[in-house]
Amino acid sequence: MKKSKLLGILTAIGSIVMVIYSCSDDALQDSKTDGVSDATVYTSESTAIATITGIYDAFQSAYGGPDGIPAEYNTKAIQTLDRLTQDWKGNGTDEEFRQFELTPDSEIPTKLWPVHYYGIGRANVALLNLQPAIDAGNINEELGSRLIGEALVLRSIFYYYLTGTMGGVPLILEPTTGDSDFFAPRNTAEEVWNQLAFDLEDAADRLPWSYDIEKGRVTKGTAYAMLGSVYMWLGRYDDAVKAFEELEGRFSLEENFLDIHALENKNGKESLFEIQFNDNGDLGWNRNEEKTYLQSFNMPSEINGGSYGGIPTVALYDSFEAGDLRRDFTIIAPGEEHPDPLINISDYPNIQANYGGMNTLGSKEQPWLGNDGSVGRTGYYAVKTWRNPLISGWNGPNIFSGQNHIWLRYGEVLISLAEAQLKSGNGNPMSTIMRVRNRAWGGLAPVPTGDMMDIIFDEYRHELGGEFSLWLCLRRTGEVGDYMLNEFGITIPTGRDLLPIPRIQIDINPNLEQNPGY
């Protein structure tokens with residue numbers, strides 16, 4: 001087998017001869033420039049900036065992306081992690097998620113692994129070349145330091161999701177140049193977390209708090225939020241408190257929970273890391289214009305002719321406390337209107353043709369359970385990933401969206417801070433939790449009673465349901481087994497809170513070992 005096929009692990013780039021990207025004034029935006037080599041790219045500040053933007057592009061994992069990189073990454077890998085929380089389903093039985101019986105051939109690990117190592121490879125190339133370019137006077141020292149900080153944070157996010165879901169993985173910190181890199185063994189999870197802590201501490205010193213233009217780039221706030229999370233994986237809870245508290249006064253909650261994921265509120269004041277997608281361009285298949293079709297996969301098939309997942313359970317809907325506005329801004333129940341003022345269900349052509357132009361999600365008497373024969377639908381659907389009114393049909397004309405994906409926001413940071421305060425004994429976790437709950441009630445929320453860790457689990461569940469980071473927050477507590485048993489009556493088989501290492505990677509690399517239990 002040729003080396004170029006060896007490592008979905010390291011579809012990493014040995015040289016910078018790759019597609020380079022540039023930025024618009026408003027947000028990270030693609031503009032292809034082929035044929036640039038690392039002999040020339042780091043002699044120009046504009047092209048050096050573009051190489052960093054190219055790292056962000058790996059998160060977008062466009063349909064039909066680079067050779068060897070599976071498509072549908074955001075839809076069928078990152079968001080599908082939510083099914084492990086037991087509160088979200090696909091359009092099937094999902095028994096493998098209920099029983100924690102994912103296999104080494106399951107879509108989540110086989111899509112997540114190569115995409116993340118692809119991004120790591122891009123970051124490694126940039127980190128190898130930036131300091132020499134600064135030393136040579138080709139890049140302004142302040143700008144170059146910022147770019148190094150961005151690359152360190154982005155590489156850390158790629159590793160965060162790999163290690164948070166699979167445990168220790170090969171820790172590759174330089175561009176791949178020889179067989180030893182292609183056949184790298186796994187590091188321990190602790191070794192990866194310690195490296196990320198080192199990198200994020202460095203990055204936090206280099207990055208600005210905000211940008212006047214180029215919205216969507218990582219900031220000092222992103223670095224501190226990620227650093228706090230990494231400290232929590234390491235059990236360094238006092239350090240986590242300090243890192244999370246660095247964001248105080250710099251970031252704030254949106255006043256209205258519904259506004260967090262609004263189509264017109266990209267890169268809002270609560271957002272700390274957000275995958276950028278393009279509002280413009282062709283909406284058809286086989287085009288790479290930085291679109292996402294997550295929304296089409298999560299909508300009722302009665303509207304768009306087909307769907308895949310993002311289906312909340314009735315149990316989740318019923319678990320919200322009375323007065324908690326997050327329920328209706330997270331889940332639409334049968335007979336309810338969409339809470340986003342931009343979206344009228346009655347405007348969709350299929351609803352006008354087949355359902356008399358009703359403006360509700362079916363009815364309580366006749367919930368929408370799909371028109372394609374799939375099982376597992378509940379009649380309840382997600383709000384957070386259905387915010388673009390232009391998406392009208394599975395087969396077209398509009399199946400792709402420009403809605404961004406928020407991977408990290410201040411609401412999550414505050415709940416994590418409360419957990420770190422509880423476990424360190426440093427601070428007032430209830431006061432911190434009440435900041436999140438008060439926003440959820442649109443005023444003063446009732447103060448919860450009972451075990452504080454149970455309260456924190458509830459807040460993770462109801463604040464982050466249907467988003468991209470919930471499963472990692474639950475695993476990071478070290479108590480996810482007890483949570484699953486107490487909340488759902490499910491016993492996680494030993495070792496199965498971790499995803500398996502993809503079989504294809506083990507077949508390729510004889511030095512990789514599978515996680516116990518698989």
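**Aromatic contacts**

The structure holds 22 aromatic pairs, where rings of Phe, Tyr and Trp (its six-membered ring) pair if their centres lie within 6.5 Å, and planes under 30 degrees apart count as stacked, over 60 as edge-to-face and the rest as tilted. One of them is the tilted pair of Phe-100 and Trp-471, with 6.0 Å centre to centre and 40° between the planes. This pair links distant parts of the chain, since Phe-100 lies in the loop between α3 (95–98) and α4 (107–135) and Trp-471 in helix α17 (residues 470–476), 371 residues apart. Helices (H or I, at least four residues) and strands (E, at least two) are DSSP runs, numbered from the N terminus. Both Phe-100 and Trp-471 are buried, that is, under 20% relative accessible area, with exposed meaning over 50% and partly exposed in between (1.4 Å probe, protein chains only).

The model is predicted, so local features need pLDDT of at least 70 and side-chain atom pairs count only at pLDDT 80 or more, while totals for chains, interfaces and linings use all residues. Residues are numbered from 1 along each chain as its sequence is written, and side-chain values use heavy atoms, with hydrogens and water left out.

Ring pairs also join Phe-59, Phe-158, Tyr-160, Tyr-161, Trp-193, Trp-233, Phe-273, Trp-407 and Phe-468 into a cluster. Elsewhere, Arg-496 lies over the face of Tyr-518, at 4.0 Å from the ring centre; a charge sits over a ring if NZ of Lys or CZ of Arg is within 6 Å of the ring centre and within 35 degrees of the ring normal.
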